[in-house]
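Please keep the sequence and the model in view while reading.

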Amino acid sequence: MIGLHRAAWPALGAAILFGASTPFAKQLIGADFATASPFMLAGLLYLGSGLGLTLVRLVRDKGWQSPGMPRNEWPWLLGAIAFGGVLGPLLLMVGLAHTTAATASLFLNLESVLTAVLAWMVFRENTDRRIVLGMALIVAGGAVLAWPTGEASVTGIGPLALAGACLAWAIDNNLTRKVSASDALFIAGSKGLVAGSVNTALGLALGAAWPTASLLSSAMLIGFLGYGLSLVLFVLALRGLGTARTGAYFSTAPFVGAAMSIAVFGEPASSIFWAATALMGLGVWLHLTEHHSHEHEHMALHHEHGHRHDAHHQHTHDFEWDAVEPHAHSHQHEKMTHRHAHYPDTHHRHSHS
């Protein structure tokens, strides 16, 4: 096993934060502004994420600092923002307006499937039968949890829009992996600011009134925790796990939301909930007990990210280093061949014969 190591915890943490935010966000649905314009609610959630993370970054860096992202990574980030921060939320709002809540939840399980398919087929991320089976069980658990129980399924533009939203977020996930070695706070904050601005502007343009101070603060706090910090952890997980595995862990979020609804809001625990728990638990176990090891070659690479002086970071410093780890600076990886257990992380994006 590659350990329930540093790599797995951020992915599970992202799922927990996002899943837990759902039942709390639903409490805002009764407010007039949310009922009149789902764009406004989505916009405030994303704005809470973007503004909150920007503030955290300013405090951390003691003022505005350049993100230091390499020039060749900017197109990947802009593409991720366009698909995940603009197109995805817009299609989601269209889909929610033309389908039932249960059907929408069922369709949203497509995101992890499409994320993995793109990672494996387009971006050539390695996988094996164990990982595919684990992801299938996790997705099956989410499908069981969201299966309609009396609501009529809706055909037409609604499901198509929801499927389009899932595809947009799947593209976003794979593009974000390309920049995951850069500052996670900057990446997540940028997405939040763009998505929040676009959706809030649409809500106002469609006639939504600005919410009261209490509703505004509630929505932005939920957005900061469930969308902002969750996305920061998601980016860190992409860095350490790769796209498909991170997407599989993140797809346990519906289970977290259901568990939170039961624990906090007193909803009954049905047999469906326990069946989903078993499926998702088995799928996560298959992922956590993965062992992938073979001789592989690292090509020469120059980049910047937070790191420790491990087997892949044996370099000297051209500045006075205080010996504190992890630390970040621009560094060079020399060509290397060795064997050890690994994930398809930032330093292991190689093909398999």
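**Briefing on the predicted model**

Asn174 is found in helix α8. The structure described here is a predicted model. The protein has 353 residues, of which 50% count as buried, and it contains 13 helices and 4 strands.

**Overall picture**

- The accessible surface of the protein comes to about 16600 Å². Carbon and sulfur atoms hold 66% of that surface.
- Among contacts with a separation of 6 or more, 85% are made by residues 24 or more positions apart.

- When its neighbours within four places in sequence are left aside, Asn174 is in contact with Thr115, Leu118, Ala119, Phe123 and Thr243.
- Ala161 also has its place in helix α8, which covers residues 157–177. Its relative accessibility is 8%, so Ala161 counts as buried.
- Apart from neighbours within four places in sequence, Ala161 is in contact with Leu91, Val94 and Gly95.
- Ala161 and Leu96 are 65 residues apart along the chain, and 8.6 Å separates their C-alpha atoms.

**Helix α7: Gly134**

- Gly134 lies in helix α7, made up of residues 129–146. With a relative accessible area of 0%, Gly134 is buried.
- Leaving aside neighbours within four places in sequence, Gly134 is in contact with Gly283, Leu286 and His287.
- Gly134 and Ala248 are 114 residues apart in sequence, yet the distance between their C-alpha atoms is 8.0 Å.

**Aromatic rings**

- The count of aromatic pairs in the model comes to 5. One of them is formed by Phe18 and Phe250, with 5.4 Å from centre to centre and 35 degrees between the planes, and this pair is tilted.
- The pair of Phe18 and Phe250 links distant parts of the chain, 232 residues apart. Phe18 is in helix α1 (residues 8–26), and Phe250 is in helix α11 (residues 243–250).
- Phe234 lies in helix α10 (residues 213–241) and Phe250 in helix α11, so the pair ties together parts that are 16 residues apart in sequence.
- Phe234 is buried, with a relative accessible area of 6%.
- Phe18, Tyr46, Tyr227, Phe234 and Phe250 form one aromatic cluster.

**Charges over rings**

- Arg57 lies over the face of Trp64, 4.8 Å from the ring centre.
- The ring of Trp285 has the charged end of Arg130 over it, at 5.4 Å from the ring centre.

- How do the axes of helix α3 (residues 38–61) and helix α4 (residues 74–97) cross? The two axes come within 10 Å and cross at roughly 145 degrees, and the crossing of α3 and α4 is right-handed.
- On the α3 side, the contact is made by Pro38, Phe39, Ala42 and Tyr46. On the α4 side, Pro89, Leu90 and Met93 make the contact.
- At 79% relative accessibility, Lys62 counts as exposed.
- Phi of Lys62 is near 55 degrees, a positive value in a residue other than glycine. Most residues other than glycine have a negative phi.

Notes. Residues are numbered from 1 along each chain as its sequence is written. This is a predicted model: local features need pLDDT of at least 70, side-chain atom pairs count only at pLDDT 80 or more; totals for chains, interfaces and linings use all residues. Side-chain values use heavy atoms; hydrogens and water are left out. Helices (H or I, at least four residues) and strands (E, at least two) are DSSP runs, numbered from the N terminus. Buried means under 20% relative accessible area, exposed over 50%, partly exposed in between (1.4 Å probe, protein chains only). Contact means heavy atoms within 4.5 Å. Accessible areas come from the Shrake-Rupley method with a 1.4 Å probe; for residues, only the protein chains shown count as cover. Rings of Phe, Tyr and Trp (its six-membered ring) pair if their centres lie within 6.5 Å; planes under 30 degrees apart count as stacked, over 60 as edge-to-face and the rest as tilted. A charge sits over a ring if NZ of Lys or CZ of Arg is within 6 Å of the ring centre and within 35 degrees of the ring normal. Axes are lines fitted to C-alpha atoms, for helices over the stretch in contact, and angles run from 0 to 180 degrees between N-to-C directions. A crossing is left-handed if the near helix is turned anticlockwise from the far one by less than a right angle, and right-handed if clockwise.
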